[in-house]
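User: I would like to learn how to read the features of a protein model. Please take me through this one, giving the general idea and then the case at hand.

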Amino acid sequence: QRDPALDGVGLVIFDEFHERSLHADLALALVLDSQRGLREDLRLLVTSATLDGAALARLLGDAPIVTSEGRAHPVTRYYLPRDPDDLDLNVVVRTVLTALSHHAGDLLVFLPGGGEIRRVLCRLAAEPACAGLALVPLYGDLPGDAQQRALQPDPAGRRKIVLATPIAETSLTIEGVSVVVDAGWTRVPRFDPRSGLTRLETVRIAADAAEQRAGRAGRLGPGVCYRLWSEATQNRLRPRRTPEILDADLAPLALELAQWGVKDPLALAWLDPPPPGALAQARALLTELEVLDEQGRITPTGRDLAELPTHPRLAHLLRRGAALGHGALAADLAALLEERDLLRGEHPFGCDLTARLDALQAFRRAGRDGARGGLADPTACIRVEQAARRWRQLLRVGPALEPPAAAETVGMLLALAYPDRVARRREGGAGRYLLANGRGARLLAGDPWLGRDWLAVAHLDAGVGEGRIWLAAPIAPADLETHLAARVRTVAEVNWDERLAAVSARRERRLGALILKSAPLADAAPAALRHAMLAGIRRMGLDCLPWSDELRDWRARVLSLRHWFPDDGWPDVSDG
């Protein structure tokens, strides 16, 4: 972005391109744009283990394809006679024990996430066949030293079982592995542009990922791969993994495109163009965050936010928080929201984000043993503290001060990042809320914020009906008027109130779908009043009018005259 001509660069290499990350697709599109407009001499090299090379070669202007078969050792693949129902950890444990008894060498077990890894580790640790073996996890949230224990041979020379997420498919080399046990599932984020929410789904892996996983057993010699699905399912796997650009939240991409100066993304060369619906939702969010103007051009605020290496929502929280004198608190919040929840297991704090801030402060004061009385995960605390320190350095603010911030201040900062997720409690429901974006949300029974009228919600799931709120803080309505003033609008509402069976005319202050203030409207337009009354009568029927016997008789006489003397101009006073 700072050097579109790539001055002094002769060759750009895109490695592991088959992973089809959003960053890789975007970077390739921008580099191709630079090559076309500024640097005809610039060379590109795209490498991939499993990608469809022909489509990529066409994108690169019929570039030549160089194929290297390599020297992989043969890997014998075993399948189950039939598929288990979803992910069955019992099948995983039984297969690991079978592999231990039939084959030599270290084992690499692929599971979709850290939760499954921890459960299988506990099960294996209780098995006599695993006594004396090194059981090690491998996933992205682990500290560096723990990851190194998984990658290197065991110092004591023990046989090793590594339980890993897809992080071990391509980017890491694990020494000594000759057996792979592949559960066949992966966890992927799916973005719903209608709700603006991302949910994690556990899905079957693609055939190219399955081949890469099996290949980990053939690095040093002949290997074995146990696939925990049937051969029939293998033949039905989709050939390649879904590109992230088709499922992701595109707000970061939309910001990058605006900074690049592209209004029409189809002007760039894409292997898969960004979906119009997700891109429109992303631009609407960036406009709400004052990153884009009404014409879709990047604003000075947008250029400032683009300098921070995080989602535009959190960048807005960081910049505005620092400007309001809450830079250290904003850094802590951004770090907490970027990392996984540091409160583990069963705890009484529900969705209370201030409880997470308290746990972080306790960890700072007392180290690993002081994090919220042992309820916080020390490893997660370390990661959050490292991220918070990085944000404080970028914002040039000092460390967080005691005492902790008021809960409403936390809510105000959250609303800067999630203005569309400000929530107001519905009438008659302590745990049911309406969000500013029009969606419903709920708190679980016993949550500390149950009954609070206003919340700013950071994380919630994309439920079919009402999403569950996972992280939130209370917010004062006055803060909405102050800090989200550009998003609050005044609306004159004239409509039929079925509960009162009368026309209601009110002036309302609204944040999206939420009513902040409402007062009677004394100067409503007569035409609007008539329109509302007619709409109400149509819904309720003519029986709601104050008919008398005399009026009904009069109407019958008029209709009779109209029937017998159609040319005399008697009015139509029928129901229609």
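**Charges, rings and pockets**

Analyst: Start with a charge over a ring. Arg-390 lies over the face of Trp-391, 5.3 Å from the ring centre. The criterion is NZ of Lys or CZ of Arg within 6 Å of the ring centre and within 35 degrees of the ring normal. Arg-468 likewise lies over the face of Trp-470, at 3.6 Å from the ring centre.

User: What kind of model is this, and what do the values rest on?

Analyst: This is a predicted model: local features need pLDDT of at least 70, side-chain atom pairs count only at pLDDT 80 or more, and totals for chains, interfaces and linings use all residues. Residues are numbered from 1 along each chain as its sequence is written, and side-chain values use heavy atoms, with hydrogens and water left out.

User: How many helices and strands does the protein chain have, and what share of its residues counts as buried?

Analyst: Helices (H or I, at least four residues) and strands (E, at least two) are DSSP runs, numbered from the N terminus. The protein chain has 18 helices and 18 strands. Buried means under 20% relative accessible area, exposed over 50%, and partly exposed in between (1.4 Å probe, protein chains only). Of the 576 residues, 46% count as buried. The C-alpha atoms fill a box of roughly 105 × 60 × 55 Å, taken along the principal axes.

User: How many aromatic pairs are there in the whole structure?

Analyst: Rings of Phe, Tyr and Trp (its six-membered ring) pair if their centres lie within 6.5 Å. Planes under 30 degrees apart count as stacked, over 60 as edge-to-face, and the rest as tilted. A search of the whole structure finds two pairs. Phe-14 and Phe-17 form an edge-to-face pair, 6.2 Å centre to centre with 90° between the planes. Phe-14 counts as buried because its relative accessibility is 9%. Phe-17 is buried too, at 1%.

User: Why is the pair of Tyr-78 and Tyr-226 stacked?

Analyst: The ring centres of Tyr-78 and Tyr-226 are 5.1 Å apart and the planes are at 25°, so the pair is stacked. This pair links distant parts of the chain. Tyr-78 is in strand β3 (residues 75–79) and Tyr-226 in strand β10 (residues 223–227), 148 residues apart. Tyr-78 has 37% relative accessibility, so it counts as partly exposed. Tyr-226, at 12%, counts as buried.

User: Which residues outside its sequence neighbours does Cys-225 contact?

Analyst: Contact means heavy atoms within 4.5 Å. Cys-225 is in strand β10. Leaving aside neighbours within four places in sequence, Cys-225 is in contact with Val-75, Thr-76, Arg-77, Tyr-78, Val-180 and Ala-214. Cys-225 counts as buried because its relative accessibility is 0%. For the chain overall, take contacts between residues at least 6 apart in sequence: 66% of them join residues at least 24 apart.

User: How is a pocket found?

Analyst: Rolling a probe the size of a water molecule over the atoms shows where empty space is left. Here a 1 Å grid is laid over the protein atoms alone. A pocket is an open set of points where a 1.4 Å probe fits, with protein on both sides within 12 Å along at least five of seven lines; lining residues have an atom within 4 Å of a point. Grid points are joined across faces, edges and corners, and a volume is the space filled by probe spheres set on the points.

User: What is the volume of the second largest pocket, and which residues lie nearest its centre?

Analyst: The second largest pocket holds about 1,300 Å³ of space. Its lining has 38 residues, of which Thr-47, Ser-48, Ala-49, Thr-50 and Ser-68 lie nearest the centre. At least two lining residues come from each of α1 (22–37), β2 (43–46), α2 (53–59), β3 and α6 (207–215). The lining divides into 15 nonpolar, 14 polar and nine charged residues. Ala, Val, Leu, Ile, Met, Phe, Trp, Tyr, Cys and Pro count as nonpolar, Asp, Glu, Lys and Arg as charged, and the others, Gly among them, as polar.

User: Where does Ala-501 lie, and what is its phi?

Analyst: Ala-501 is in the loop between β16 (488–497) and β17 (502–511). Its phi is positive, about 55°, although Ala-501 is not a glycine. Ala-501 is partly exposed, with a relative accessible area of 41%.
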